[in-house]
Amino acid sequence: MALFMVVLVLLFILALSICTALLRWNELKFSKKGLPPGTMGWPIFGETTEFLKQGPNFMKNQRARYGSFFKSHILGCPTAVSMDPELNRYILMNEAKGLVPGYPQSMLDILGKCNIAAVHGSTHKQMRGALLALISPTMIKQQLLPKIDEFMRNFVSDWDNKIIDIQEKTKQMAFLSSLKQIASVESTSIAQEFMPEFFKLVLGTLSLPIDLPGTNYRRGLKARKIILTILKQLIEKRRGNQESHKDMLAYLMSKDDNNRYKLSDDEIIDQIITILYSGYETVSTTSMMAVKYLHDHPSILEELRKEHMAIREKKRPEDPIEWNDLKPMKFTRAVIFETSRLATIVNGVLRKTTEEMELNGFVVPKGWRIYVYTREINYDPFIYPDPLAFNPWRWMDKSLESQSNFLIFGGGTRQCPGKELGIAEISTFLHYFITRYRWEEIGGEKLMKFPRVEAPNGLHIRVSAY
């Protein structure tokens, strides 16, 4: 027994020595003179576990120790983290000067090499131009909003006297609504196969790029392969039947002179995945959290319902929400912005250095990521008085939406191109939900706000007719 205990102690000391040596070796590896202060954690894994588990607290602790610009190693990359508002604005506005998109390798691998977040320079302009043409105000007005209205009206039609998981419902809503806009006729037939694979793809984008069985990364890569097959078959079918369609896929495949941005099939597929992915996270989570916040603040719900009832009273029951109905939804827009701010749907953006550069007096080597961490701006009391309060009225002053600290939808040359389309989708969902129903929470369910806003066990509500 005594011998066993001695061996156990020796093994513990050996393991501790190895761990200390590995940590020390990794720190020495990234100890170049002039680098920002900070810690790098373990080889390969870095500080990813601490970053994902502790989230904002990890960031605040590092800032307290090292200042608002520090180094770390997260999601498989050596990273300089900026929590300095002025530096963040500079980085976002100067992409061409030694900076390109720097999304994690897992995201690049799973979303595709033609993804708008992965390309830069002339290729980015081409892909962004094609995307903007798909979601322009004219396209939203003439083609997309009618599809959104029809979908939302039907999607919420049978919720009366039911207990639903609003998190699951808004995920389905965001995905299926986007799919209908992309491939209107075929969306129903491919949704059952497509949707579960898409959810695996989303989980894989925020994981360590370690291709081992059972990892979210491996599942994400497999899901991408299945999605590629579905979309390739869809494109081939469209080319074969020569039928006329009015949706995003028809525009992307068009060879006529009205389409300035001719894309290859691979680019079309990655563009579709981009549209689905970028809209899914923001639309689903913002919709879920809006339902949550409105439940918790009855006076705000009443004000919002008043706005939508005024629109509904001018229509027959079967009349859709139209382009001209969106402009009067000023309080709705304010609720969406305040939900995005308070819940912090997007924590920041990543850039990658194409050359060694100096920022805030520190050297950032070529190939490093720069994490522009914008979360704390959302809770700055100088910008948003009483920042932890859910107060949509603060957004009724239009100047707040246009000021330089407004980074809810990105910034610089990478401002979210789908901002207005996303607002149209959430506004239409809220219109049909709050004018038809009242709801109460079942209660006791936990919300997590990092790295994604989610309810691990769902967010269940009891719905009844209004």
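Helices, such as those named in these legends, are DSSP runs of H or I with at least four residues, numbered from the N terminus. The model shown in each view is predicted.

**View A. The second largest pocket is lined in part by helices α8, α9 and α12**. Each of these helices, α8 (166–182), α9 (187–205) and α12 (265–296), supplies at least two residues of the lining. Helix α12 gives the largest share of the lining of this pocket, 5 residues. The space in the second largest pocket is about 350 Å³. Its lining has 19 residues, and those closest to the pocket centre are Lys 171, Leu 203, Glu 281, Arg 452 and Glu 454. Sorted by class, the lining of the second largest pocket holds 10 nonpolar, 5 polar and 4 charged residues.

**View B. The largest pocket has a volume of about 480 Å³**. A set of 21 residues lines the largest pocket, and Leu 326, Lys 327, Arg 333, Lys 398 and Glu 420 are the closest to its centre. Two or more lining residues come from each of α7 (137–155), α14 (323–326), α15 and α17. The largest share of this lining, 5 residues, belongs to α15. The lining of the largest pocket comprises 12 nonpolar, 3 polar and 6 charged residues.

**View C. Helices α15 and α17 cross at roughly 110°**. The axes of α15 (residues 330–343) and α17 (residues 419–436) come within 10 Å. Angles of 65 to 115 degrees count as roughly perpendicular, so α15 is roughly perpendicular to α17. On the α15 side, the residues in contact are Thr 332, Arg 333, Ile 336 and Phe 337. They meet Lys 419, Glu 420, Ile 423, Ile 426, Ser 427 and Leu 430 of α17. By class, this contact has 5 nonpolar, 2 polar and 3 charged residues. Two of the residues in it, Arg 333 and Glu 420, are also among those closest to the centre of the largest pocket.

**View D. Strands β4, β10 and β9 form an open sheet of 3 strands, in the order β4-β10-β9**. The pairing in this sheet is antiparallel. Strands β4 (162–165) and β9 (437–441) are the edge strands, each pairing on one side only. From one strand to the next, the twist averages 35°.

**View E. Strand β4 is joined to strand β10 by 4 bridges**. The two strands run antiparallel, with β10 spanning residues 460–465. Ile 163 stands opposite Arg 462 in β10. Helix α8 lies across β4 and β10 and runs at about 65° to β4. Helix α8 also contributes to the lining of the second largest pocket.

Terms used
Residues numbered from 1 in each chain as written. Predicted model: local features only at pLDDT ≥ 70, side-chain atom pairs only at ≥ 80, totals over all residues. Heavy atoms only, no water. Axes fitted to C-alpha atoms, helices over the stretch in contact; angles between N-to-C directions. Parallel < 35°, antiparallel > 145°, perpendicular 65-115°, else oblique. Contact = heavy atoms within 4.5 Å. Nonpolar A, V, L, I, M, F, W, Y, C, P; charged D, E, K, R; others polar. 1 Å grid on protein atoms, 1.4 Å probe; cavity = no way out; pocket = protein on both sides within 12 Å on 5 of 7 lines; lining within 4 Å. Points joined across faces, edges and corners; volume = space filled by probe spheres on them. Pairing = 2+ DSSP bridges.
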